[in-house]
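Hello,

Here is the structure I said I would pass on. My notes follow below it.

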Amino acid sequence: MKSILKYFLLLFLFSLSTMSWAQTILISADNIDNNGFDYAKVIGQDEEGVYILMSNLSLETSRDRFGLRTRKYELSYFGYNLQPKWRKTVDAIPSGGSLESIGFFNEKPVIISSMQTRSSGEIQLFMSVLNSKGETEVSGLKIYSSTIQKSSDLSKPRLVISPNRRFMGVAMEESGNGNIQIHYACVNDSFKVSYQFKSEINYSAKNAELSEFAISNSEDLLFLGFTKEVSESKKNRLRQYKIFHVNKVANKMKEYDFNRVDQYMNEAALVIDKINNQAIVTGFYSDQTSFAGASLLYATLGLNGGNELKINSGKLNNEAQLKFIGQRNTGTGASLISYPIRNVIPRNDGGAIIIAEAAYLSEYNFYDYFTQTFNRRIEFHFDNILTLSVNADGSIHWSQLIRKEQTSMDDEGLYSSFNTILTPEELTIVFNNDIGRSNEITGNSIDPKGEMKSKKN
């Protein structure tokens, strides 16, 4: 039942971009989880319907490698009247391979499988594509082949789409032997391989971690990575973020430093600005000179070649919008660097809209005297949303705080967090209120001047 409700909500959010708040919600008469596929998500849509990926295990990105032997996938296609058109089991192609990733590109579901030969150390990636009738349009096309070290660990391939929707990148990490290897293949909208690249990063997986992969309209691969430096004043490791740029024209990779080691930062975000042909990197760092206890680093990297990373800092001093400090924690209060950045929307003048959310977990154990067992519970918290309009020089144009409190238990936050709808007139942020009760849908619209209005449905 959980997957059905999430499916309806996602369809509703899709409809908001073209419908007014007075529109009604359609409910499918078909039970989509009657075969033990309890987890579902919308992976894409075309002119006639919506594609739903289902699994018997959680589809959460950070855990989707667990249970590979027992994991099963099913793909369904629903028309916009919510009538099912077809459903089929998704298997690896070629047979005997491993199913790695399922994505959506050029209005079609894309399946990535791998075949590994231990004796020769060869890894091969294959792509299959389905059409709107559920038929296989491309079957087991080899898109990448390389040798790997026998003792290496391979990450799950990451699928990233260029801003102009003409290219799909497939990036995979190989870790071991004191370094990290990057394997990259790019496919064009005719489903042909257009570029392949392999390079080495001189950091071990123990001391570094990669994240936030993206590709440009010219097939360049960009991603973030952080090294873990030991702090002398703290018994933890500080993250120093770096930007890696694979330039297709030069056929080489270049590395840039983002934050300094003394600029304590939990995470950073990366997005491609297609209008200005640049990459934008941003993140909150600890800054005791700022009212909020944190400031914003904002960097841009031109993608024309030969450009250097431009880094600016913006202070968050708007007290009216930062009253959330201390809400999440007692004592010294919550630091803004704990707010994960959920979305970065480039502006046409080189600035960006940044959306961050107070998302965190709390865990506790207790002894149940009735069952005579110890139990572990995880609470999922998705609270306030901070929206910032940032100028190209890193200064803050305006900020808005949307107050919300979403707490659930042992459900991976299935009904929590938010979705965004962007139109030329406004940015709308939509989320659930009163989860498990009245399930009210709330939307907050912000115009280009930073004025906010709230709507409920």
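Val-50 stands opposite Phe-78 in strand S3. The two strands concerned, S2 (residues 49-55) and S3 (residues 73-79), run antiparallel and are joined by seven bridges. Strands here are DSSP runs of E with at least two residues, helices are runs of H or I with at least four, and both are numbered from the N terminus. Two strands count as paired if DSSP finds at least two bridges between them.

This is a predicted model, in which local features need pLDDT of at least 70 and side-chain atom pairs count only at pLDDT 80 or more, while totals for chains, interfaces and linings use all residues. Residues are numbered from 1 along each chain as its sequence is written, and side-chain values use heavy atoms, with hydrogens and water left out.

S2 and S3 belong to an open sheet of four strands in the order S1-S2-S3-S4, with antiparallel pairing. Its edge strands, S1 (39-45) and S4 (84-90), each pair on one side only.

Another antiparallel pair is S29 (residues 440-446) with S30, over five bridges. In this pair, Thr-442 is opposite Lys-456 of S30. Five residues lie between the strands of this hairpin, where Gly-450 has a positive phi near 90°. Strand S30 (residues 452-456) lies largely in the open because zero of its five residues are buried (buried means under 20% relative accessible area, exposed over 50%, partly exposed in between, with a 1.4 Å probe and protein chains only).

Overall, the protein has one helix and 30 strands. Of its 457 residues, 51% are buried.

Regards
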